[in-house]
Amino acid sequence: DAMKETALSESSSRWCLVSTELKEETIAATLPIVKAMGALVTPHLHDGVTHILCDMVGHHDIIEWGNYIPSCSFSHIAHGALLHSRLMNLSMKRKSHGSTTTDNFIVNLVSPKWVRNKWKETK
């Protein structure tokens, strides 16, 4: 469903569920850059996702997700905990469907700063 939606360039009904506060943050402000860089942007978390744009605390701009990442790594701890839970479920789902060590579930958590830096590198 997410890929069909992305291919059609339609907005998801899920976007209207995002709070105004969150829409005004740097994540929403970074989405046009991400799209201009050629990324397929979707609010649907699925096992084809390779990068997740999120606000992180500290000096990390990109982190490879793993079950060792604490929720306090995110600016919004509750959102970080929910994301971590969803990623754990996706990871377990892949393993239960016969994923091997050569077919790892790799997702990079990236900050808006990382996106802006990548954009500048292309200029």
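Me: What makes the buried residues of H4 line one face of the helix?
Reply: The buried residues of H4 are Gly80, Leu83, His84, Leu87, Leu90, Ser91 and Arg94. Down the helix axis they fall within an arc of 130 degrees, so they line one face. Strand S1 (51-53) and S3 are among what covers them. On the other side of H4, Ala78, Leu82 and Ser96 are exposed.

Me: Why is Cys54 called buried?
Reply: Buried means under 20% relative accessible area. Cys54 has 8%, so the label applies.

Me: Why is Cys72 called partly exposed?
Reply: The label covers values between the buried limit of under 20% and the exposed limit of over 50%. Cys72 has a relative accessible area of 48%, and therefore counts as partly exposed.

Me: How many disulfides does the structure hold?
Reply: It holds 0 disulfides. A pair of cysteine sulfur atoms would have to be within 2.5 Å to count.

Me: Where is confidence lowest in the protein, and where is it highest?
Reply: Helix H1 (residues 2-7) has the lowest, at a mean pLDDT of 49, and strand S3 (residues 108-110) the highest, at 94. For the protein, the mean pLDDT is 79, and 74% of residues reach 70 or more. Where pLDDT is low, the predicted coordinates should not be read in detail.

Conventions. Residues numbered from 1 in each chain as written. Predicted model: local features only at pLDDT ≥ 70, side-chain atom pairs only at ≥ 80, totals over all residues. Heavy atoms only, no water. pLDDT = per-residue confidence, 0-100. Helix = DSSP H or I, 4+ residues; strand = E, 2+ residues; numbered from the N terminus. Buried < 20%, exposed > 50% of the residue type's maximum accessible area, 1.4 Å probe, protein only. Arc of directions from axis to C-beta. Contact = heavy atoms within 4.5 Å.
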